[in-house]
Amino acid sequence: MMSAYVDFIRIRFLMMLAYRVNYYSGIIIYAINIGAYYFLWQAIYGDKQVLAGFTVAQMTTYVAVSWMARAFYFNNLDREIANEIRDGSVAVQLIRPYSYLAVKLMQGFGEGIFRLLLFMVPGMVIVCLLFPVSLPTDPKVWAIYLVMLFFAFLINTQINMLTGLFAFFVENNEGMMRMKRVIVDLFSGVVVPIAFFPGWLSVAMNWLPFQAITYLPTAVFTGRTPLSEAWGVLGVQVIWFVVLLVPILLTWRAARTRLFVQGG
Amino acid sequence: MLYLSLFWEYLKNYAKTRLTYRADFWIEVLSDLLFQGVNLIFILIVFQQTESLGGWSEAEVVFVYGFFMVPFGIFGTFFNLWNFADRYIAKGEMDRILTRPAHNLFQVTLENMDPPSLFGSFIGILIMAISWGQLDLVFHWWYVPMMALLTLGAVLIYMGLYTALTAISFYSDAPTGILPLMYNIQNYGRYPVNIYSRIIRFVLTWVLPFAFVGIIPASYFLDAKHDDMASLALYTPLVGVIVFAIGLFVWNTGVKRYRGAGS
């Protein structure tokens, strides 16, 4: 049974590989966005050395790494699930002897491996050549960051699944998916590190899963969060991973009983 | 006159199709605004840490952002051709367009009209009004026609650039990632261009003139800065006409190469 799931990873990876050319322009787009924020932050810092606990050098690294992490963890599982619900192909999948959600996760993982190897890594190399990004020298930081990156992927995928599953309950969740995308980008800290948010908002963020996707891991990677606190960060990620399983499974249970296919 | 009545018919048609899904309409408007809102939130958040961005105050940067939203919303209303290559070339719908007498670009843009984008323009005007109140500047009556003229120039720049880029699909059938590329580059135009390196500034002013859709025309209404971008503001309509002419030329030449779909 396990080998079937592994095959889903492999197939999705190969499928993505066939369309790899589409992702070359993606690298340029991410580099452009990183560039825009790099210059903005340079101007925002001006003569100041430290803002919200970030030095200028750390901020540059933060911008580069957070965008490139997004290049890895980003996927369209929400749209895939919603489309399969809407066109009814989910019904066929429900009678197959596998867990639909696990298959989706595996497919997302296949895409993730592709994105890591052919998008994030080459993108990171290019960005490091273009901008003064300072990477950590301690191998322990790298090791724990990779684990955190994996959990960032899991949590983001869970949020995507939850959004996609809402297609069971509403006829069109297109707007919801778009809003989710904006909210995740903002609240995960890709656009602005959460430390910059006004007090009440950053307190609110502590109680939401989004910061575990980008802000917390990247803050460790840039050195703003010392390595001694890194285990706590990892703990937060693990907790969110477990907590998010609950609404997904509940939604899934409620959803299967009310599949409503439009057109079919 | 024909074009005006055609426009009205297309608009009625649009309304009829959209009224079937009323809730979607508002959700689309809301998510559009949220999309724009993130940039505004970015500006508001960073100005808690600093007083100026390359010599521009918070109210000024917000004003520029408000201005940026106006032509962008109008452009978004009349130019929604992001899947042009797929729908009109690969599927051959261009055949239908070309058998009709009205100009093909006019038909194609109106078929894909997206009026909800206009809400962004209204919000932009609102943002400009609010930050204007904070800026404490003199308001002349001729600012209104001036703003309309500069907005028109900015819309023409968008139209020209994206028309030319969309027309690329007449020349090459490989999917080009150039449209999303451009979409991301234009974000540079909403912030003071003096914060960028010299090369980027040159590109944004003279090659891909995205500085002319935001920061340059908006600076016309604000206090003079030391690098005096406002002196370029009056060139906005001229740049618009030139860029649009280029775009139209690339399009018209491209349409001649259209061969229809196989089936």
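**Stop 1: chain B as a whole**

Helices here are DSSP runs of H or I with at least four residues, strands are runs of E with at least two, and both are numbered from the N terminus. The radius of gyration of chain B is 20 Å, close to the 18 Å that the globule rule gives for 263 residues, so chain B is as compact as a globular protein of that length. That radius is taken over C-alpha atoms, and the globule rule is 2.2 Å times the number of residues to the power 0.38. Along its principal axes, the C-alpha trace spans about 60 × 40 × 35 Å.

Before you go on, remember that this is a predicted model: local features need pLDDT of at least 70, side-chain atom pairs count only at pLDDT 80 or more, and totals for chains, interfaces and linings use all residues. Residues are numbered from 1 along each chain as its sequence is written, chains are lettered from A and ligands numbered from 1 in the order in which they are written, and side-chain values use heavy atoms, leaving out hydrogens and water.

How much of chain B is buried? Buried residues make up 51% of its 263 residues. (Buried means under 20% relative accessible area, exposed over 50%, and partly exposed in between, with a 1.4 Å probe and protein chains only.)

**Stop 2: an enclosed helix**

Now select residues 104-111 of chain B, which is helix α6. Six of its eight residues are buried, so the helix is largely enclosed by the rest of the structure. The buried ones are N104(B), L105(B), Q107(B), V108(B), T109(B) and L110(B). What covers them?

**Stop 3**

Jump to N160(A), in helix α7 (residues 139-165) of chain A. N160(A) is buried, with a relative accessible area of 0%. Leaving aside neighbours within four places in sequence, N160(A) is in contact (heavy atoms within 4.5 Å) with N75(A), L77(A), D78(A) and K180(A). Zoom in on K180(A): its side chain and that of N160(A) are joined by a polar contact of 2.4 Å. A polar contact is a pair of N or O atoms within 3.5 Å; within protein, one must be able to donate a hydrogen and the other to accept it, and residues adjacent in sequence count only if both atoms are side-chain atoms.

Next, pick T222(A) in helix α10 (residues 215-222) of chain A. T222(A) is buried too, at a relative accessible area of 11%. A polar atom of its side chain lies 3.1 Å from the backbone oxygen of A219(A). Not counting residues up to four places away in sequence, T222(A) touches F54(A), Q58(A), T61(A) and Y62(A).

**Stop 4: across to the other chain**

Find N184(B) in helix α9 (residues 178-185) of chain B. Which residues does N184(B) contact, leaving aside its neighbours within four places in sequence? They are I29(A), I32(A) and N33(A).

**Stop 5**

Most residues other than glycine have a negative phi. Select A52(A), though: its phi is near 50°, a positive value. A52(A) sits in the loop between β1 (50-51) and β2 (54-55) of chain A and is partly exposed, with a relative accessible area of 23%.

Finish at D136(B), where phi is near 60°, also positive. D136(B) is in the loop between α7 (118-135) and α8 of chain B, and at 68% relative accessibility D136(B) counts as exposed.
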